Amino acid sequence: MSAVQEALPAVRSSRDATVRRFALTDAIFHATTRAAAILVLVLLGGVAISLFAGSWQALSTFGFSFLTSESWNPVTEKFGALAPIYGTIITSAIAILIAVPLGIGIAIFLTELCPRPLRRPIGMAVELLAGIPSIIYGIWGLFVLAPFLQTTVQPFIISVFHGIPGLNSLFAGPPYGIGLLTSSMILAIMVLPFITSITKDVFDTVPPVLKESAYGIGCTTWEVTRRVVIPYTRIGIMGGVMLGLGRALGETMAVNFVNGHPHRISTSLFAPATTISQTTAN
């Protein structure tokens, strides 16, 4: 028997041991990742159950009208959550409408148009916005942004849309400075770094060959961005938008400074309002 034939059993044994070890490692990895995914669902379900249990007293006392009434009278113990729900939805929606185009535009500039020496400084400057405490945004909004809007922007908008049906009620005065629009602008600034950072990171994952191929057939930068980059990364962009939306929905202190506190619904974006997190904190 040759030396090769004598070594074959040892080689087969070593190979089988390696395959078994890899199979065991893969099985452990698969079980671990599945457990992590299930844990997320369990935690989410636990949060939902906890919220439902905590709200059951209000729902059982006031019924479905708790969600459809805007009355809020602690003296008579009559409470309705419609005004905070309305304020939360409106401020978050406007903030996302402002922040998403700006965030995507900044990400496009940083990845496609910005000179390389400026990419890191500008990117870091945008990301530093996420490190500013909420109360600082609130103080800035109350003492800087709100007076500016009250004396300059809001009177101009009111005069422009006065007499136009629909828009005149949407931008009705008086110009308080604080209100839904001011809160929305503060929230837009606060969620902007989250949307920009994630969008920029997912734009960087686009294979260069795809963009080079598009440029090779004569596409412009706008066409490459619209037809290649954004479709390739749309799921990641949506993840950034959802992260920003979560921050906008749950923000408390900054909104508390510039939103006012009335528990009523107004069609004007200049009117003071309240949100769920703001009402809970107060």
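**Exercise 1.** What volume does the largest pocket have, and which residues lie nearest its centre?

*Solution.* The model is predicted, local features need pLDDT of at least 70, side-chain atom pairs count only at pLDDT 80 or more, and totals for chains, interfaces and linings use all residues. Residues are numbered from 1 along each chain as its sequence is written, and side-chain values use heavy atoms, with hydrogens and water left out.

Step 1. A pocket is an open set of points on a 1 Å grid over the protein atoms alone, where a 1.4 Å probe fits, with protein on both sides within 12 Å along at least five of seven lines; lining residues have an atom within 4 Å of a point.

Step 2. The volume of the largest pocket is about 480 Å³, counted as the space filled by probe spheres set on the points.

Step 3. Its lining has 17 residues, and S55, F66, A81, I276 and T280 lie nearest the centre.

**Exercise 2.** Which residue forms a salt bridge with K211, and are K211 and E112 buried or exposed?

*Solution.*

Step 1. A salt bridge needs a side-chain nitrogen of Lys or Arg within 4 Å of a carboxyl oxygen of Asp or Glu.

Step 2. K211 pairs with E112, with the closest N and O atoms 3.1 Å apart. This pair links distant parts of the chain, 99 residues apart: K211 is in helix α8 and E112 in helix α3. Helices are DSSP runs (H or I, at least four residues), numbered from the N terminus.

Step 3. Both K211 and E112 are buried, where buried means under 20% relative accessible area, exposed over 50%, and partly exposed in between (1.4 Å probe, protein chains only).

Methods
Helices (H or I, at least four residues) and strands (E, at least two) are DSSP runs, numbered from the N terminus.
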